[in-house]
Amino acid sequence: MKKKSGISLMVLAITIIVLAILVGMVVAGATIATQNAKMQTLANELIQIEDIIDTSVALQSPLPAKEGAPPMNADAVQLLIKEAYRPSLKAEMEKNKDTAAQFTVIDMKKLGAKNVTKGAAKASGSDIFVYASGTYNVYYVAGIHTGGESYYSITDSLTQLVKIEQPAGSTNKPDISVTVGEKLVITKDKTDPTNKLLLNIDAPKTPADKFFLVLGGNIELDITSKIVDKVYAFKVGPGITEANIELSNEIKIEKRTNNVKVAEAVVNISNMDVTPPVMPLASDTLNIKIADKGLNNIVTVSATDNKSGIAFVIYDYITKKDSSGKEVPVYATNAVEEKQIKQALLDKGSKTLDGIIKLPKYIKSIRILAVDKAGNASNYIEYTIPDDIIVNEL
């Protein structure tokens, strides 16, 4: 009998099934990769925008609010998106403690963020970024919706799925306190340098229970009324000074029932830094140097921060020499506007950092401040350039 050649129907069917499975795997993998890329992009953009907002707050500079877009409450923001997504946005606002906040639309042009592709819509649309009053959390209102989940802001749900770029040596992970007695678990929101800690206080509470903060052995404050949704913001305020915090590496939270201590938890606050950096006075020729470098004048300023270290040095122009040699303001007003702020180049260092500023030859005076890694800003110091190295503006 002659032997048959070719592929049997069974083999062909199996081959088709295998190919279909492989194609499905490739398509699924591509879909997952696309979804991950969208979440990564959102996370990076939110981090960048929050950094700029936090810096503006630290410097007491105007925030990049969009003109003609009045602040909205949480309900109004939720109405900007499809009804199906509103519960997820509401839940995220609740998680971030922003339900009572006012939300301001961010003007992306004023913001000056680089490589941010979202947020170009008019104030009435959902393709906008907003920041919450008080916390300054940033939300992308339209959100990213994938895998049955929605993401609008920097939360644990998002950061667990994508890689967030942190500065070298960053250890920004929650820290759990030491607990003694009844259930009392305290988690702080960060271990990186900060000037405010949010403490999550997890403990059963009855009307007879009160919570006290004990600091340095001689400060005892009833913080019961200041704990909102189990969160207490530890920072400089009534009864707590900069010196109190700087001299202590830990605080104690006590739970008392009918004035009897039933539990206590010790929280490490060594990452707290509430003291602003130190800028040299204009008369300090050792730490402020001005030199003629041909086409430019170079100002080098040594800023010091003895705890968290200097993060950056910024400056803006005040006066210049015009074409007639008269000293005049560079800007129409002396207000610090975002477009005026410039960042100095930095020499490597930690506690002391040199800000290197390249100036046009006609600039007569500038003002400079430093911001440390905890977000504390120094006062502005004004420096004047000697006349013998200045040329009039052309």
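Strands here are DSSP runs of E with at least two residues, and they are numbered from the N terminus. The model is predicted, so local features need pLDDT of at least 70 and side-chain atom pairs count only at pLDDT 80 or more, while totals for chains, interfaces and linings use all residues. Residues are numbered from 1 along each chain as its sequence is written, and side-chain values use heavy atoms, with hydrogens and water left out.

Is Ser378 buried or exposed? Ser378 is buried, with a relative accessible area of 8%. Leaving aside neighbours within four places in sequence, the contacts of Ser378 (heavy atoms within 4.5 Å) are Pro276, Pro277, Met279, Leu369 and Ala370.

Next, select strand S10, residues 209–215. Six of its seven residues are buried. Which strands does S10 pair with? S10 runs antiparallel to S13, joined by seven bridges, and pairs with S11 in the antiparallel sense over four bridges. (Two strands pair if DSSP finds at least two bridges between them.) To see both partners, look at Lys210, which stands opposite Arg256 in S13, and then at Leu215, which stands opposite Ile219 in S11. The hairpin of S10 and S11 has three residues between the strands, and there Gly216 takes a positive phi near 70°.

Lys230, in the loop between S11 (219–222) and S12 (231–234), has a positive phi of about 70° although it is not a glycine. Lys230 is partly exposed, with a relative accessible area of 44%. Move on to Asn259, in the loop between S13 (250–257) and S14 (260–268). Asn259 is not a glycine either, and its phi is near 70°, a positive value. With a relative accessible area of 70%, Asn259 is exposed.

Finally, colour the chain by pLDDT, the predictor's confidence in each residue from 0 to 100. The protein chain averages 78, and 75% of the residues score at least 70. Over residues 163–173, though, the pLDDT is below 50. Residues 334–339 stay under 50 as well. Where pLDDT is low, the predicted coordinates should not be read in detail.

Technical notes: Buried < 20%, exposed > 50% of the residue type's maximum accessible area, 1.4 Å probe, protein only.
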